[in-house]
Amino acid sequence: MAQKPGKRMEYVLFNVTYEDGSQRSNRRVPLDVLEGREKDGPARGIIEAQDREVAEKSGKAPLAIKTLERAGGR
């Protein structure tokens, strides 16, 4: 039996630079939260929440974000 078409989640990729100078590329943020008036503003909060979750699991403190930019410079 064929599968029903589901809602496909689309993401925007961000490159993140942290206060300590380290960088992470291609951090995923759902596209639907970036479509409001704030544009890329909500991305910081989402990536910070992801960082807190990873830090909690690893037992290390989360790093402070210095800059965010869309991957590909768009």
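Guide: Let's start with the largest pocket, whose lining is Y18, R24, R27, D51, V54, A55, S58, K60, A61, P62 and L63. Residues are numbered from 1 along each chain as its sequence is written, and side-chain values use heavy atoms, with hydrogens and water left out. The model is predicted, so local features need pLDDT of at least 70 and side-chain atom pairs count only at pLDDT 80 or more, while totals for chains, interfaces and linings use all residues.

Visitor: What makes a residue part of the lining of a pocket?

Guide: A lining residue has an atom within 4 Å of a pocket point; the pocket is an open set of points on a 1 Å grid over the protein atoms alone, where a 1.4 Å probe fits, with protein on both sides within 12 Å along at least five of seven lines. Here the space is about 210 Å³, the volume being what probe spheres set on the points fill, with points joined across faces, edges and corners.

Visitor: Which element gives the most to that lining?

Guide: That's α1, with four residues. Both β2 (23–30) and α1 (41–58) supply at least two. Helices are DSSP runs of H or I, at least four residues, and strands are runs of E, at least two, numbered from the N terminus. The order is β-β-α-β.

Visitor: Why does N26 count as partly exposed?

Guide: Its relative accessibility is 45%, and partly exposed lies between buried (under 20%) and exposed (over 50%), with a 1.4 Å probe and protein chains only. N26, in strand β2, also has a positive phi near 60° without being glycine. Most residues other than glycine have a negative phi.

Visitor: How do you know that R28 lies over the face of Y11?

Guide: For Arg, CZ must be within 6 Å of the ring centre and within 35 degrees of the ring normal. R28 is at 3.9 Å from the ring centre of Y11 and lies over its face, so the charge sits over the ring.
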